[in-house]
Amino acid sequence: MTMQSVDFPTGNQPAAKAIKLAKSVQGGMTETATTAGDKSPSLGKLSVTANLAKATIAKHVFLAFSGLIMVFPFIWMLSGSMKSNDEIFSNPLNIIPEQFRWETFVDTFQLAPFGQYIFNSFSVAFFTTLFVIVNSAMFAYAITQLKFRSRTLLYFVVMGSYMLPGAVTYIPSYITLANMGLLDSHAGLILSSAASVFGVFYLRQVFQKIHPSLIEAARIDGAGELKILWAIVLPQCKAALATLFLITFITNYNSYMWPSLVITTQELHLIATGIRQFFIAEGNYGLNWSQIMAASTIAVVPLLVLFMICQKTILSGIADNGVKE
């Protein structure tokens, strides 16, 4: 007997359609959930990017505000140099003058030999800085790369002298220069400031980062200690040398107390001493503030030019950590 399939009538067609509709709705919800799950990482990345952008904007706003605070005294001094005395005291916080008096710079520059004062300060500061860099580099190389007894003790003795106030050294230095016949001369100023404890400390910290294998390889090749210093060590420390040059130069350029004790001839005055002597001698000190500010602005301009020249070298070496092991 042959078996045949029998098709039963499906009288429940609406139920079947409901089941299919439920399955399709469930599939759509699953697809929507999957799509939402795929988009959530993108939303997270967008939120992280937004937070980084806000942090960057806040950092730049803070740096701009801090820079404005630092540069404001110079802007105020430049603005005051182009005002009259009455305008300076009537509204001190007004940066923009009612009338720009550019002739104040010309009159101030002609009333006193400020050009000579700036040249004196620049030359003394430049040669003093060169001596400081040479002496500091040689001493720092000796206590970091040479092996000899008591080098640590010698370093601490030198650093101990850094604790002495500068005024304590004025009398011994003055007597020494007098015995050498170098009073009232730029050579005496340069010689008395040719060594810097800060320079020794700063370059010692930099030289310690140099890999010892470079020094040993140069010695094996037959290089002397001076050649190693000038040809291998110093070229790796350009940013540090530029920083030390700038700090030392500004310090000696703006020096007032010690040059006022050593120098007595008017033609040999540095800019800080020359400005004070001029306004006291002419009776203008405290009377003509526009000329005082103009003279101060003229004195600051060479430092700004020097900083712009050294800025690229200093910034290029901020992230430079030398040769690592």
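Helices here are DSSP runs (H or I) of at least four residues, numbered from the N terminus. The model is predicted, so local features need pLDDT of at least 70 and side-chain atom pairs count only at pLDDT 80 or more, while totals for chains, interfaces and linings use all residues. Residues are numbered from 1 along each chain as its sequence is written, and side-chain values use heavy atoms, with hydrogens and water left out.

Start with the largest pocket, which holds about 940 Å³ of space. A pocket, on a 1 Å grid over the protein atoms alone, is an open set of points where a 1.4 Å probe fits, with protein on both sides within 12 Å along at least five of seven lines; lining residues have an atom within 4 Å of a point. Grid points are joined across faces, edges and corners, and the volume is the space filled by probe spheres set on them. Of the 30 lining residues, those closest to the centre are Thr 169, Ser 192, Ser 193, Ala 195 and Ser 196. H11 gives the most to this lining, with 4 residues. The lining splits into 18 nonpolar, 12 polar and no charged residues (nonpolar: Ala, Val, Leu, Ile, Met, Phe, Trp, Tyr, Cys and Pro; charged: Asp, Glu, Lys and Arg; polar: the others, Gly among them).

Helix H11 covers residues 238–253 and includes Thr 248. Thr 248 counts as buried, at 8% relative accessibility (buried is under 20% relative accessible area, exposed over 50%, partly exposed in between, with a 1.4 Å probe and protein chains only). The side chain of Thr 248 gets to the backbone oxygen of Leu 244 at 2.8 Å. Leaving aside neighbours within four places in sequence, Thr 248 touches Thr 129 and Val 132, contact being heavy atoms within 4.5 Å.

Now for the rings: the whole structure has 11 aromatic pairs. Rings of Phe, Tyr and Trp (its six-membered ring) pair if their centres lie within 6.5 Å; planes under 30 degrees apart are stacked, over 60 edge-to-face, and the rest tilted. Tyr 170 and Trp 258 are stacked because their ring centres sit 5.4 Å apart with planes at 20 degrees. This pair links distant parts of the chain, as Tyr 170 is in helix H6 and Trp 258 in helix H12, 88 residues apart. Tyr 170 is partly exposed at 23%, whereas Trp 258 is buried at 9%. Phe 198 and Tyr 202 also form a stacked pair, 5.9 Å centre to centre with 15 degrees between the planes.

Key: Helix = DSSP H or I, 4+ residues; strand = E, 2+ residues; numbered from the N terminus. Polar contact = N/O pair within 3.5 Å; in protein donor to acceptor, adjacent residues only side chain to side chain.
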